[in-house]
Amino acid sequence: MMGSILITGASSGFGQASARRFAAAGRRLVLAARRMDRINNLVEELSDKTDCLGIELDVRDRKAVSTLVTTLPEPFSDVEVLINNAGLALGLEGGDKVDLDYWDTMVDTNIKGLMYCTRAILPRIVSRGGGHVVNLGSVAASWPYPGGNVYGGTKAFVQQFSRNLRTDLMGKNVRVTCVEPGMCETEFSLVRFEGDERKADAVYEGMKPLSAGDVAEIIFFITSLPSHININQLEVMPVNQTWSPFSVHRDS
Ligand code: NDP
Ligand code: 8X3
C-alpha cells in the first residue's frame, strides 16, 4: 500500500511545488517547515485533492525532529517517501570575509538537519518494507564557484551521504536519490541575499532558469518509477547555465 510523503521545507520553492505535484496524484502528504502560516494555506489549498497534515518543524532542532516521528498520527505516520528538501545558501562572500554564522547556519540546516530527519524517519521506511529517500543536493556539490564555499561543501556532503545510505540500505528495498539542480528561481536567492530583491532578481536576469515546478516534476518522476529502479544522482541545469573555464591568476 502507498504510504505518506513527508516533505521538509514545504513552505516555498521545490517543497511547495512538490506538494502540489504529489497532491495532484492523490498522494497523502506531511508538509513541514517553520512558517506555519504558509503551511496552513498550502494544506487548505490541497485539502480537496488529498489528505494533508501540516507540521511546524525546524530541522536544526534535533529533539523536535526525533519527537516528530513519535507524534505523527495514523495514517500519516506510515511514511514511504522522505523528501529532504529544507535548506539554504547564505551570502556569496569569499572564505576570508564571510560571516561565520552563515557557515554555521548552512551546516546546521543542510547537513545536520538532513541527518536528523533521515535518522528519525528511516526506521519507519525500513519497517514498512521499503520506500524512498530523496535528498536535495545541488550542482554546487560538484562544481565550485566563487562564494559557494560552505554551501557547496554542505551539498557535497548530501551527495556522498546519499551514496553511502544506499550501501547501508542494501537488501532493504529503500531507494535513495540525490537530486542536484542548478539555477532555479525560487526564494533561494532572496534568502541568500537576506531579502534584497534587487540582488536576487539579478541572478536570473536575461536567462530562463529552472522553475520549482520543473524540479517537482523530476522528483515526481524519480519516485514514480517501478520500485526496482534507483536513480542514484540526477544533476539538472537550465540550458543557459554551463561551467566556467578554469581561472588563472597572472601576475601581470
Ligand atoms: P526556498 O528558499 O524557496 O525554500 C527553502 C525551504 O526550506 C523553505 O520552505 C524553508 O521553510 C525551508 N527551510 C529553511 N530552513 C529551514 C529549517 N531550519 N527548518 C525547516 N525548514 C527550513 O528554496 P528552494 O526551494 O530553492 O530550495 C530547496 C532546496 O533545494 C534547498 O536545500 C536548496 O539548497 C536546494 N537547491 C536550490 C536550488 C535553487 O537554485 N533554487 C538549486 C539547487 C538546490 P521555512 O523558512 O518556512 O522554514
Ligand atoms: C543552488 C544552485 O548554482 O545557484 O544550489 O548555487 S546555484
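Visitor: What counts as a polar contact here?
Guide: The model is a predicted one. In it, a polar contact is a pair of N or O atoms within 3.5 Å.

Visitor: How far does a polar side-chain atom of Ser-138 lie from an oxygen atom of ligand 2?
Guide: Ser-138 is one of the residues around ligand 2. The cut-off for a polar contact is 3.5 Å. From a polar side-chain atom of Ser-138 to an oxygen atom of the ligand, the distance is 2.6 Å.

Visitor: How much of the area of ligand 2 does the protein bury?
Guide: Tyr-151 has a polar side-chain atom 2.6 Å from an oxygen atom of ligand 2, and for Tyr-145 the corresponding distance is 2.5 Å. Taken alone, the ligand exposes 240 Å². Of that, the protein buries 86%.

Visitor: How many charged residues does the shell around ligand 2 have?
Guide: The residues around ligand 2 include Val-139, Phe-188 and Gln-241. By class, the shell has 4 nonpolar and 2 polar residues, and the charged ones number no residues.

Visitor: Which element gives the largest share of the largest nonpolar core?
Guide: This core has 33 residues, and Ile-83 and Ile-219 are among those that touch the most other members. Elements giving two or more residues to the core include strand 1 (4-8), strand 4 (79-84) and helix 8 (212-224). The largest share, 7 residues, comes from helix 8.

How values were computed:
Residues are numbered from 1 along each chain as its sequence is written. Chains are lettered from A and ligands numbered from 1 in the order in which they are written. This is a predicted model: local features need pLDDT of at least 70, side-chain atom pairs count only at pLDDT 80 or more; totals for chains, interfaces and linings use all residues. Side-chain values use heavy atoms; hydrogens and water are left out. A residue is near a molecule or strand if one of its heavy atoms lies within 4 Å of it. A polar contact is a pair of N or O atoms within 3.5 Å; within protein, one must be able to donate a hydrogen and the other to accept it, and residues adjacent in sequence count only if both atoms are side-chain atoms. Accessible areas come from the Shrake-Rupley method with a 1.4 Å probe; for residues, only the protein chains shown count as cover. Ala, Val, Leu, Ile, Met, Phe, Trp, Tyr, Cys and Pro count as nonpolar, Asp, Glu, Lys and Arg as charged, and the others, Gly among them, as polar. A nonpolar core is a set of buried Ala, Val, Leu, Ile, Met, Phe, Trp, Tyr and Cys residues joined through side-chain atoms within 4.5 Å. Buried means under 20% relative accessible area, exposed over 50%, partly exposed in between (1.4 Å probe, protein chains only). Helices (H or I, at least four residues) and strands (E, at least two) are DSSP runs, numbered from the N terminus.
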